[in-house]
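Subject: A structure for you to look at

Hi there,

Here is the structure I promised to pass on to you. Please open it next to this email and follow along as you read.

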Amino acid sequence: MAAVKSKSSMLFYELGEFRRSVTVGKSGRNPMFKSEYTTLGDVLDALQNLVDHGLGFEQHLHDGQLVTTVIHLETGESFSSDMPLRPDKPGPQALASCVTYYRRISLMTMFGLNAEDDDGNAASSDGYAPRKAGATPAGSARSSAGPVGTDDDFLA
């Protein structure tokens, strides 16, 4: 008999179930590095069935930060991440590129999606070494789930 989950842990239970059921594609091509990478579109495609697990997410810009919130639709439990936007150049194109990259990384981290980030060094001007998505925190996380989850549950 399966264990019954309390309402206070439904977000984390469904997040784990979703994580086990999803794969993330790699449709991006980087000819400079002769590599493939996961695009924002690949991540959004992987998240299409969130509602089947009672989950949703929302992303918006606020005070120079990308705010991403994951929500359990039935209980209203949520956790969020705030990432300061730091484009490497001035101008709208650099900002749009930064937002797209941060949206992808934030969603992959918060949902615990695994895909090798072959394009990470192209997104950073400081000699960034590629890592598995989710290996570093997306930003400060806030959880409304109470004692059930901690920041480390989602960002490690």
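This is a predicted model: local features need pLDDT of at least 70, side-chain atom pairs count only at pLDDT 80 or more; totals for chains, interfaces and linings use all residues.

You will find P87 in the loop between β5 (78-84) and α3. P87 is partly exposed, because its relative accessibility is 32% and that class lies between under 20% for buried and over 50% for exposed. Another pair to look at is P87 and S97: they are ten residues apart along the chain, and their C-alpha atoms are separated by 7.8 Å.

The largest nonpolar core has 19 residues. Within this core, F18, V43, L47, F111 and L113 are the residues with the most contacts. At least two of the core residues come from each of α1, α2 (40-46) and α3 (92-110). Helix α1 gives the most, with four residues. There is also a second, separate core of eight residues, and M83, C98, Y101 and I105 are among them.

Leaving aside neighbours within four places in sequence, F111 is in contact with L15, F18, R19, L47, L50, G56, F57 and V70.

Now for the charged side chains. How many salt bridges does the structure hold? There are two. Side chains of opposite charge can pair when their charged atoms come close.

- R20 and E17: the closest N and O atoms of this salt bridge are 2.9 Å apart. Both residues sit in helix α1 (residues 10-21), and because they are three residues apart there, about one helical turn separates them. R20 is exposed, at 62% relative accessibility, whereas E17 is partly exposed, at 28%.
- E36 and R29: in this salt bridge the N to O distance is 3.5 Å. E36 counts as partly exposed, with 36% relative accessibility, and R29 is exposed, with a relative accessible area of 52%.

Best wishes

Conventions
Residues are numbered from 1 along each chain as its sequence is written. Side-chain values use heavy atoms; hydrogens and water are left out. A salt bridge is a side-chain nitrogen of Lys or Arg within 4 Å of a carboxyl oxygen of Asp or Glu. Buried means under 20% relative accessible area, exposed over 50%, partly exposed in between (1.4 Å probe, protein chains only). A nonpolar core is a set of buried Ala, Val, Leu, Ile, Met, Phe, Trp, Tyr and Cys residues joined through side-chain atoms within 4.5 Å. Contact means heavy atoms within 4.5 Å.
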